[in-house]
Amino acid sequence: MNRHELRKADINLMIVFETLMQERNLTRAAEKLFVTQPTVSSALSRLRALFNDPLFVRVGNRMEPSARALEAFEYLTPALDAMSTALSLTRDFDPLTSTITFRIGLSDDVESGLLPPFLQAVRTEAPSVVVVVQHVDYWRLPDLLASGDVTVGVSQTKGLPANARRKVLRSMQGRVLRSDASCHPLTLDEFCERPHVQVSPTGKVEGVVDDWLREIGRSRDVVLSVPQFSSLPGLLAGTDLLACSPDFAAQALIGWGPVFTEPLPFEHPPIELAMVWLTTTDKDPAEQWLRRLLERYMGNSTAVIAGLV
């Protein structure tokens with residue numbers, strides 16, 4: 001390859017190209033890049049001249065990439081990742097003086113149960129940094145990592161990109177939340193007969209608890225689905241409703257309202273809560289500090305390292 005060809009390229013154009021490939025929309029790309037839409041349109045014209053190809057064809061509200069754009073993107077992504085990694089080696093990080101903005105993704109149970117002590121530690125160790133939290137689930141986390149909207153996520157995980165790293169922070173057990181205190185824990189029959197609240201950010205009325213019940217030939221009666229765990233204490237108060245939650249979130253929620261927690265009335269496998277980031281931030285001193293803090297305040301002693309996935 002003739003590296004003199006690189007002099008024709010502008011790295012800013014490559015960032016615009018990558019963003020257009022991710023967003024497939026001029027307006028959203030401009031918003032993400034914090035520039036105007038005409039600026040992105042002008043950059044696209046220069047990209048088309050550089051690649052000698054239309055690159056994108058408008059289909060409704062989306063811009064579908066051409067075959068050449070798709071091929072170029074395959075080569076460009078690892079190149080930009082490598083450049084980002086190389087540049088991160090030049091940066092020092094001092095928590096006490098840094099004003100950096102960290103962008104992290106947390107599932108709702110993590111935000112409810114584990115975020116407060118983590119934030120207290122951040123305020124003590126790095127008082128001038130900014131933390132931006134976005135809601136994630138296993139289905140949304142890969143896209144947010146790929147787009148750069150978050151640099152690290154803590155959630156259950158599934159279907160991660162090839163350049164992702166994953167570290168298990170804790171092994172979770174399921175718990176039951178209820179507002180009617182009793183000295184007798186629920187039997188399996190009572191658990192299945194009473195009405196349930198399902199927490200689902202996508203409005204589903206089934207979850208992993210229903211999968212576990214099916215394995216033993218049982219089912220439960222879900223009568224309400226809500227998007228957040230934080231609403232459960234108010235919803236359960238004074239009712240016979242039950243809700244299920246990871247153990248750490250249940251422990252936090254009993255301090256938010258008149259609810260009580262007890263183990264699920266059947267055996268079930270543990271669930272892994274993992275921290276995920278991309279290899280491009282492996283050596284970044286600020287991101288390394290952030291991951292250590294997340295592990296310290298969101299992990300437990302049973303955490304294990306899982307390698308590249």
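This is a predicted model: local features need pLDDT of at least 70, side-chain atom pairs count only at pLDDT 80 or more; totals for chains, interfaces and linings use all residues.
Residues are numbered from 1 along each chain as its sequence is written, and side-chain values use heavy atoms, with hydrogens and water left out.

Strand 12 pairs in the antiparallel sense with strand 6, residues 164–172, over 8 bridges, and with strand 5, residues 152–155, over 4 bridges; strands here are DSSP runs of E with at least two residues, helices are runs of H or I with at least four, both numbered from the N terminus, and two strands pair if DSSP finds at least two bridges between them. Because 7 of its 8 residues are buried, strand 12 is largely enclosed by the rest of the structure, buried meaning under 20% relative accessible area with a 1.4 Å probe, protein chains only.

Strand 12 (271–278) also supplies at least two residues of the lining of the second largest pocket, while the largest share of that lining, 5 residues, comes from helix 9. A pocket is, on a 1 Å grid over the protein atoms alone, an open set of points where a 1.4 Å probe fits, with protein on both sides within 12 Å along at least five of seven lines, and lining residues have an atom within 4 Å of a point. Of the 37 residues lining this pocket, Gln 156, Gln 198, Val 199, Gly 207 and Val 208 lie nearest its centre.

Notes: Buried means under 20% relative accessible area, exposed over 50%, partly exposed in between (1.4 Å probe, protein chains only).
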